[in-house]
Amino acid sequence: MSGWEVVIGLEIHAQLATRSKIFSGSSTAYGSAPNTQANLVDLAYPGVLPVLNEEALRMAVKFGLAIGAAIAPRSIFARKNYFYPDLPKGYQISQYEQPVVGKGAITIMLDDGAVKTVGITRAHLEEDAGKSLHEGLPNASGIDLNRAGTPLLEIVSEPDMRSAKEAVAYMKKVHTLVRYLEICDGNMQEGSFRCDANVSVRPAGTPKFGTRAEIKNLNSFRFVEKAIQYEVARQIELIESGGKVVQETRLYDSDKNETRSMRSKEEANDYRYFPDPDLLPVEIDEKFVGSVRGTLPELPDEKAARFARDFGLTAYDAGVLSASREMGAFFESVVEALGAPHAKLAAHWAMGELSSALNRDGVEIAHSRVSPAALAGLLKRIVDETISGKIAKDVFEAMWSDGKPADAIIEAQGLRQITDTGAIEGVIDSVIAANPKQLAEYRSGKDKLFGFFVGQVMKATGGKANPAQLNELLKVKLAVGPS
Amino acid sequence: MLHTLSIGELARRLAAREISSLELTRHFLERIERLNPSLNAVITLTADQALAAARAADLRLGAGERGRLLGIPLIHKDIFCTDGVRTSCGSRMLDNFISPYDATIVTRLKAAGTVMLGKSNMDEFAMGSSNETSYYGPVKNPWDTTKVPGGSSGGSSAASAARLAPFTTGTDTGGSIRQPAALTGVTGVKPTYGRVSRYGMIAFASSLDQAGVLARSAEDAAAVLAVMAGFDPRDSTSVDAPVPDYPALLDAPLKGLKIGLLREFFDGLESRNAALIREALGVYTSMGAETVEVSLPHLPLSVPTYYVVAPAECSSNLSRFDGVRFGYRCEQPKDLKDLYERSRGEGFGPEVKRRIMTGTYVLSAGYFDAYYLKAQKVRRLITDDFRAAFEKVDLVVGPTTPTPAFAIGAKIDDPVTMYLNDIYTIGANLAGLPGISAPCGFVDGLPVGMQLIGPHFSEARLLSAAHHFQRATDWHLKTPGGYQ
């Protein structure tokens, strides 16, 4: 790979979270019985006409504003003509020459913490096609048009990414953004968020782009990374062995982890784009843009900056905690209950115990079994030294599994820290008395045995002795020795 | 002799309970059964539904309800989707297609209490000027059954002329209401683009198509248009503007009306036709109108422009007829490609194929700019010509067609000659303007039409101007022999 530069651009298709389709009143809900969400417009019956769903337009504008793009005062829907059974009209309504969203940009954070800007060429509205089904249908194809006419926002990036990792970071950032904006549910299994990757390589330092291949329909971050890595290796190997990359569309086979040619440029359709005469040009005035601007939430970058500034979090932690609106809100609720001076403790727990429990059980944060208030209740007990951080992890697990508040668990299981000096001293005395050999060794200079005594006391107290107090008292006792 | 009465007179008699809608409906059904076989104007008869609708209208009349069209029978062009009734669009492709819904204009006319007698023959997918491209065979002109009735609304024009219904509906993409109206001696109105909903009207060329009416007189047409017109949220190109009460505006004073005489409309016009148009203008001046000669320099480019724009749009609009979901499907397709090729190859007739091929060509990479974009530019120039003309005059008058009805078979094998028949009507479609054709005389026993074109949304003015002419003349009352 050395000596080669990788050039990647992504076309992301985000399914817009409208209730009805982009040009018809049918529902967009996922998973219904085939063809139950296809009305006469979706079925392209003779005589029917499309009417633009204004909500889809609002969502596109919202995205445009969030990436600092110009919103076109006039955009055009065009027809992309081709025959396919899951395309009922024989053309897809899309935007071609005049998209609704113009040039914008998104910043991503690289592994080394550096920040990179990825240009967005345009974003346009279009309708999705239906699905062809072949399983269980010998000598026939089934057509499900439930998805036909679902609104999509196609987000086209500049060829600004230089590695598969950057491409994934960019895609994740767009994913974060569309979910923040509540314009896409981001569900990749259901295909609500997917991308095509344009990949090429060139000798490092050359200004001209290499010939690119387009890998179609990647619907997981892992597949994006793997497919690009495979494709880059394929292209380099091909060129180094004297071959030439041809411009073509390729499919990624995740089972075999390889890309395969689908069709070459020569076989590509002539889509005969022309303005759709059934739809008027979309005119957007300042008032409309202003009304959409008023609905913009705090954006991920803004939130991360605020977390870093107000709570003293590292850029990385601030980024993780602002990666979803829900996580950001959870974290902020915990901080609110706990007090800003303890924000770092809240961050540590949100990113640690909470996130692992959510991931382990596959639970969305919105349905977390430990609420922000409950987590704050637990962290308060660390702050006021009722329990140690170690015990707190056990309490958290108990809270997670039976949903009781921290205090109830601490009381019921007797987990309260022992902070009574006399009580701790008593335990220390008996431990020292029971281990004369270790005591002698310690006193003769084997300092490492201090840990042994700590462990013994903790064992005897069920881990409840206040660690700081224990350290202090133990030092004195070991030095002085029993009378 | 109920078929000789105007819609206004029929409505008066219905309201006075002198006649019933059922009686009226039976009268026209009987005429269709008797007279249609020699005309082939009606391709689907919906007698049972008609009788039921007539009874329903009679109940409404009995309950005291009144309406200009309540209880009045009609025939719909078979391009309009009609719920539960075959909607063929004159094509084998849709010979088996029972529409599951009503077009908006069908709904509106139904709600007004009209009674659909049946569906009228038409050129396949409205592509034709003679009604010879229909899968159901040519329609005969009632004035001379060896002649064409015009097209594409030829079934509607012949049915109106033969008095098979008080009025018929039609569509006009390049003259398809006005040209057949002229060739059969009836009054045809093509409204402003966007005035009448296109929802449920099977698309030929979306940016040009407009629904309208063919009737005996401007007065009758005004009553129908008042019901058909209006905004439809299901058609993005329909215009949300109030609909004037056309019948109430018919008698607006004509005096001082400035009529433009289109120089380009007299180029290549048969001299006897030209003479009739000049006579008609004489009628107007005698009523106090003023005539001014105006020019539309780009109008001669309208036919080539139209034959780029319309096929481009139709090539895409007709892609949905693929044999998959509805309509004709070939026998035993061996694969997907075969299904497409044979379903479309067997389902479409030659004229439709010619236009799909032309349209596909002009939209193709490498030809798009030279044809489609260029045509759009010329279209704007023609629109600008009309706009400039309407700064000087209130409306323009000229012939509707270059010649009266021609013989069946005379032009069908020569598409270009056929296309030139629409030379005077296409301009209004390209510019989205309203136009009317009204009878203004006869040449060799065949009717000749005068065309009036006005600015956008000037239907009231055009209908009034045609109405004044029809009060001064009786050409529109002439009925072909055998159909009196």
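Here is a short chat about a predicted model with chains A and B.

Colleague: Before we start, what are the ground rules for this model?
Modeller: Residues are numbered from 1 along each chain as its sequence is written, while chains are lettered from A and ligands numbered from 1 in the order in which they are written. The model is predicted, so local features need pLDDT of at least 70 and side-chain atom pairs count only at pLDDT 80 or more, whereas totals for chains, interfaces and linings use all residues.

Colleague: Which radius of gyration does chain B have, and why does it agree with a compact globule?
Modeller: The radius is taken over C-alpha atoms, and the globule rule is 2.2 Å times the number of residues to the power 0.38. The C-alpha trace of chain B spans about 65 × 50 × 45 Å along its principal axes. For 484 residues the rule gives a value near 23 Å, so chain B agrees with its 21 Å.

Colleague: And what radius of gyration does chain A have?
Modeller: Its C-alpha atoms fill a box of roughly 100 × 55 × 50 Å along the principal axes. The centres of domain 1 and domain 3 of chain A, over C-alpha atoms, are 65 Å apart; the domain bounds come from an automatic or database domain assignment. A compact globule of 483 residues would come out near 23 Å, but chain A has 30 Å.

Colleague: What share of chain A is buried?
Modeller: Buried takes 20 or more other C-beta atoms within 10 Å of a residue's own, exposed takes 12 or fewer, and partly exposed is in between, with C-beta atoms placed from the backbone. In chain B, 61% of the 484 residues are buried. For the 483 residues of chain A, the figure is 40%.

Colleague: Is B:E264 buried or partly exposed?
Modeller: B:E264 sits in the loop between strand 7 (258-262) and helix 8 (271-286) of chain B; helices (H or I, at least four residues) and strands (E, at least two) are DSSP runs numbered from the N terminus. Beyond four places in sequence, B:E264 is in contact (C-beta atoms, placed from the backbone, within 7 Å) with B:S295, B:L296, B:L299 and B:P300. Because B:E264 has 19 C-beta neighbours inside 10 Å, B:E264 counts as partly exposed.

Colleague: Which helix gives the most to the side of chain B that touches chain A?
Modeller: Across the interface, 36 residues of chain B are in contact with 24 residues of chain A. Helix 9, helix 10 (336-347) and helix 11 (350-363) of chain B each supply at least two residues of that side. The top contributor, with three residues, is helix 9.

Colleague: How many residues of helix 9 of chain B are buried?
Modeller: Helix 9 runs over residues 302-317 and reaches 22 Å from its first C-alpha to its last, close to the 22 Å expected at 1.5 Å a residue (1.5 Å times one less than its number of residues). This helix is mostly covered, and the buried count among its 16 residues is 14.

Note on methods. Contact = placed C-beta atoms within 7 Å.
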